[in-house]
Amino acid sequence: MGDINYELGIDIGGTFTDLTLKEIDGSGIWNEKTPTVPKDPASGITNGLQLFKKKGIDLTKISYFVHGMTIGLNTLLQRNGTKIGLLVTTGFRDILSIQRLRLPIPYDLHSRLPDSLIERKHVYPIKERMQADGQVFTSLDMNDVDQAIDQAIEAGLEGLVVSFLHSYRNPAHELQVVERIKERAPHLYVEASSSIWTEVREYERTVIAAMNVYIQPNVKRYLETLVEHLEQEGIKAKPFITQSNGGLMEIHAAAEHPVKTLFSGPAAGVMGAVQEANASGVDNVITFDIGGTSADISLIEGGEILYTQTNELGGLPTILPSVAIYSIGAGGGSLAWIDKGGLLKVGPLSAGSDPGPACYGRGEEPALTDAFLLSGYLNSALFAGGSVGLDQNRSALAFQKIADYLGNDVLEAADQTIQVAVANMFTELSNVLEQHGIDPGDFSLMAFGGAGPVLANMVAEEIQAKQVIIPANPGNLCAQGALSANFVYDAITSRQVLLNEMDKSEWREIFAAMEQEATDWLDRQQVDTFLESTQLYHTIDARYKGQAFELEIPFHLDWLKADPSLKLAEIFHEQHKRLYGHSDPNASIELMNFKVRIVGETATNNHVGIVLNKHSMEPTERTVRINGQVYTAAIVDRTLLRPGMEIQGPAIIEQQDTTTLVLPNWKAKLDEAGNLLLKRKEMN
């Protein structure tokens, strides 16, 4: 690693920008939180770097920098991306309008499909046609292409997407059109669907390519600004960006394919959770990441992260592999309000960082953080490390209108707001667990993010989780998790073929081509200095013939020494029965996608426990309101805890980046890894 002294991880959330700085040998760690600057996120990073400088840290010695970003995600959610057009095969002009013909809410006949990212008038049919086997059926008509380019320029479009039928099998026509566009209109952003993700399913493949071009200008401008800010601070390290799949990519790759970074921040949090769970010897974990705007849930089973290709964003499918993350619009900044039916609701609207909850001093609407403060959970002098002073009077004033409507006082209104938020989380979390056939009694709930530890014990009580785990630095776990991430690339080849019709030579040929593609990608990242080893993983998407959706089955190249179809069929039937309760060993199995994932494992030191305070522990007390009851809770400084120490609930455990609430019938204990474990008092 040469003369590397520091590594820096950054995660930009809706309310706070989190920064984690570590000495490269893991001997020192510094965490900072600073309010996010929505209009200029890079400025928020600069503000955080200034806090490190005030501590005497030489920023020029930062040689490893990892960044989780939400620029692309926010661009899509806010629909403020660039104006783009689409070139499609003749006859498929309405692919983005028809979508999947499903109502978003099946039982609501008034629900509507999400608006397309591209207006129909900017969709241009092109004469060409590939067959499903990759053979040319209709040659590409370049006159149509030139006419479409002229129309796009005249309409003032900034980008074009090219998505032709069956280009996953043969992308030749798409690539020819991309080159023509670059020749005639080099100022346009342009992308072929086959360059993003070569999977069958025209609609999903077209949408993901459209997303990429739609967000690319905003992301590229942000990354350029980020580099400028870093250079001004004397940081010469090349930024690496976290991806939705939990891996890293270098900054130019992120600018080219920003759609791969949509869920980068939450995914980094899950990577950090894996490290903390391993340190405490826990295999089954429900991650519970609550920031200022949302609560993100993910699953770790048997020490392995759950991945998916069926995410949605604003109603649009995102078929790229990503950490399976389920979001709820309930975070510390989520607003309390009364709906038209007179019911108390929490979220999904959030106060964000500007103006923020009422207690921050600028907002006037009641937010969940205001409810925490009124219920006695927060210490206004220590919130966010003391960088944000909290005004309880403003919280009370904001909640007065809620209290008046409910016919109670502001303290009761705040408590009921917390109960509603917990009920929302319980409902959504239960749906996720039932979908995956998981018994929460076998899982630990790991809470992080600024608001996660406040609510974790209540949610764990509702779902009857085994225990709660609070990492050493929960408020900065996403930034810390980014530092633990590896460099990851996913390659895919679509082949719709029956299992018993696959020849052994085809298996080898398909996997060898993808291995080369993945290896070439890793070489282009130029990160050999940071890697300890490289691993290749092979999987296949399979289904019973006639089904519409597939299961991802791990594939081992050793199976090619014999008949690989036998082992694959065995595992497929077992997995199908485990997930759906039935299987049919006599049915034909259809293969859809072959995949290779390359993982360049980084050499960074990942787990760092909390720094202990040498002073003696002298807990104070504070009145708190929990589920309608008033208690006197012990107030404990987490830095004063030692491994093995137990704190009986009700208690409030405070630290720089968050607050942990321990319920009356629970207790907390610090383990040897520095993680705080919450268990029911009747448990050992």
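## About the model

This is a predicted model, so local features need pLDDT of at least 70 and side-chain atom pairs count only at pLDDT 80 or more, while totals for chains, interfaces and linings use all residues. Residues are numbered from 1 along each chain as its sequence is written, and side-chain values use heavy atoms, with hydrogens and water left out.

## The sheet

Strands here are DSSP runs of E with at least two residues, helices are runs of H or I with at least four, and both are numbered from the N terminus. Four strands make an open sheet in the order β6-β5-β9-β10, with parallel pairing. Pairing takes at least two DSSP bridges between two strands. The edges belong to β6 (123-126) and β10 (189-192); each has a single partner strand, so one side of each is left without a neighbour in the sheet. From one strand to the next, the twist averages 20°.

β5 (residues 84-89) pairs with β6 in the parallel sense over 4 bridges. Helix α4 (residues 142-154) packs on the sheet and touches β5, β6 and β9 (159-163), and its direction makes about 170° with that of β6. For such angles, axes are lines fitted to C-alpha atoms (for helices, over the stretch in contact), and the values run from 0 to 180 degrees between N-to-C directions.

## The nonpolar cores

A nonpolar core is a set of buried Ala, Val, Leu, Ile, Met, Phe, Trp, Tyr and Cys residues joined through side-chain atoms within 4.5 Å. Buried means under 20% relative accessible area, exposed means over 50%, and partly exposed is in between (1.4 Å probe, protein chains only). The largest core has 118 residues, and Leu223, Trp507 and Leu591 touch the most other members. Helix α6 (residues 202-232) gives the most to this core, with 14 residues.

A second, separate core has 71 residues, including Val388 and Met458.

## Gln216 in α6

Helix α6 also holds Gln216, which counts as buried because its relative accessibility is 9%. Leaving aside neighbours within four places in sequence, Gln216 is in contact (heavy atoms within 4.5 Å) with Tyr189, Ala255, Glu256 and Pro258. A polar atom of the Gln216 side chain lies 3.3 Å from the backbone oxygen of Glu256.

## Helix α12

Met458 is one of the buried residues of α12. This helix (residues 452-463) is mostly covered, with 10 of its 12 residues buried. Just after α12, Gln464 takes a positive phi of about 60°.

Note on methods: A polar contact is a pair of N or O atoms within 3.5 Å; within protein, one must be able to donate a hydrogen and the other to accept it, and residues adjacent in sequence count only if both atoms are side-chain atoms.
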